[in-house]
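Biologist: Please take a close look at the aromatic side chains in this model. Walk me through the pairs they form.

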Amino acid sequence: KIHALPARSTFHTPTRSRPIGHQHIIFLAYRAPVPTVDRAMSAQGDTNRVVVALDWTPNGNHLGFYVAKDAGLYHAAGLDVHLVSPSDPEFSTGSSAYVAAPNADGTGSAPPYVTPCSKVAAGDAHFAINMPEGVVGWNTAPGRPALKAVAALINNRNSSAIVTLASSGRCRPKDLDGCRYASYAARFEGRIVQKMIQHDGGTGDYEEDTSPMLGIWNTLLEGKADATWIFLQWEGVEAKLRGVDLNIFKVCDYGMPYAYAPCLVAHPDWLVANPDIAKRFLAATAEGYKRAAADPTAAADALVRLAMTENNGYAVDPALAQGSAEWLSEHFIDKTTGAWGRMEEDVWTRYIAWLWEADLLTTGMQSRHPDGSKSFSLDDMRAGRAGEKIPLESVPKVFTNEYLPN
């Protein structure tokens with residue numbers, strides 16, 4: 001995700017895990033230099049340049065950005081907007097490229113890696129896309145900037161789901177006991193899945209497998225995993241196009257009051273320093289999403305065309321783009337207010353309270369080389385060994401509607 005930076009000399013990144021290519025890379029805590037907000041802006045050119053770090057390859061969730069760019073809405077707002085995908089070569093460049101710590105025995109290290117939010121934190125991007133648990137993570141990790149959600153991309157909090165192949169016979173969450181779950185290795189993910197299983201009457205005892213990130217969906221289709229977490233508006237649409245039947249366990253249907261997924265985040269210091277740019281960008285983006293909702297066929301066409309030019313020749317399947325755009329046309333805009341992006345405080349409050357009440361809001365960070373104090377394995381975390389419980393009152397406000405159009 002794309003974040004601007006605080007004026008501090010060091011930036012602590014807690015233990016994280018991210019698969020790169022066919023190798024799972026584990027990153028231990030380290031320090032990296034952090035530029036000031038002014039340095040970040042000057043490094044990116046004039047103040048009208050806006051970089052958006054996408055969370056995935058171009059897909060239906062991103063339609064509004066591509067429509068706004070294609071229709072000249074950003075240009076009309078005086079903005080030069082760049083949409084950067086994790087599949088783009090330039091995504092891993094800049095000061096946000098993390099240097100991995102050595103292995104536990106002191107030998108070797110993994111290649112550098114970059115996440116959308118690390119790009120925002122390092123000032124290499126201004127906005128990034130994240131999931132709600134990621135937003136909470138950035139607001140509860142010592143040494144990291146408290147990146148804020150500034151818009152909900154979709155007005156449907158139940159559009160993501162844990163899925164299995166219908167042919168597997170695993171027809172409900174409790175059937176995931178003993179299964180192999182293809183995980184993104186995120187801080188709260190495995191424990192959220194575990195709580196969903198337990199809510200349905202299972203034990204929550206399963207294997208969490210970390211496959212290469214951009215290939216996780218394929219591990220399910222190829223029978224290498226029994227379950228994974230998808231967006232119904234993308235992988236769900238693709239499954240229908242392929243004639244693949246799925247068992248679908250929507251996240252809000254099993255005890256969790258999920259928040260907005262996905263959402264757009266930004267660095268609070270950059271927002272304070274650049275409110276006009278933020279407001280112009282979000283106004284143009286809101287109009288892009290409204291147009292995508294009104295004309296899904298044109299939106300799908302814009303996504304397919306601009307992904308080729310904007311994202312290093314990335315080819316989006318036109319049929320998938322069309323199907324996703326049609327699905328999302330009913331879910332981008334609030335039907336009561338006609339607004340895009342606005343978030344309700346009660347939604348975030350209930351979600352964070354649920355994480356706390358379920359004992360998931362803890363200090364532990366995931367690592368393949370856990371120290372048992374601050375870092376833990378995914379298995380440890382599901383077993384309840386995940387650090388100290390974070391006081392609920394210490395969690396700051398994680399979102400703002402201040403920069404959205406009225």
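**Aromatic contacts**

Modeller: At 16% relative accessibility, W56 counts as buried (buried is under 20% relative accessible area, exposed over 50%, partly exposed in between; 1.4 Å probe, protein chains only). The model is predicted, so local features need pLDDT of at least 70 and side-chain atom pairs pLDDT 80 or more, while totals for chains, interfaces and linings use all residues. Numbering starts from 1 along each chain as its sequence is written, and side-chain values use heavy atoms, without hydrogens or water.

The structure has 13 aromatic pairs. Rings of Phe, Tyr and Trp (its six-membered ring) pair if their centres lie within 6.5 Å; planes under 30 degrees apart are stacked, over 60 edge-to-face, the rest tilted. W56 pairs edge-to-face with Y184, at 6.0 Å centre to centre and 70° between the planes. The two sit 128 residues apart: W56 in the loop between strand 5 (49–53) and helix 2 (63–70), Y184 in the loop between strand 10 (180–182) and helix 6. Helices (H or I, at least four residues) and strands (E, at least two) are DSSP runs, numbered from the N terminus. Y184 counts as partly exposed, at 23% relative accessibility.

Y289 and W340 are stacked: 4.8 Å centre to centre, 10° between the planes. Y289 belongs to helix 10 (residues 275–294) and W340 to the loop between helix 12 (318–328) and helix 13 (345–357), so the pair ties together parts 51 residues apart in sequence. Both Y289 and W340 are buried. Ring pairs also join them to F65, Y74, F127, W270, F281 and F332 in a cluster.
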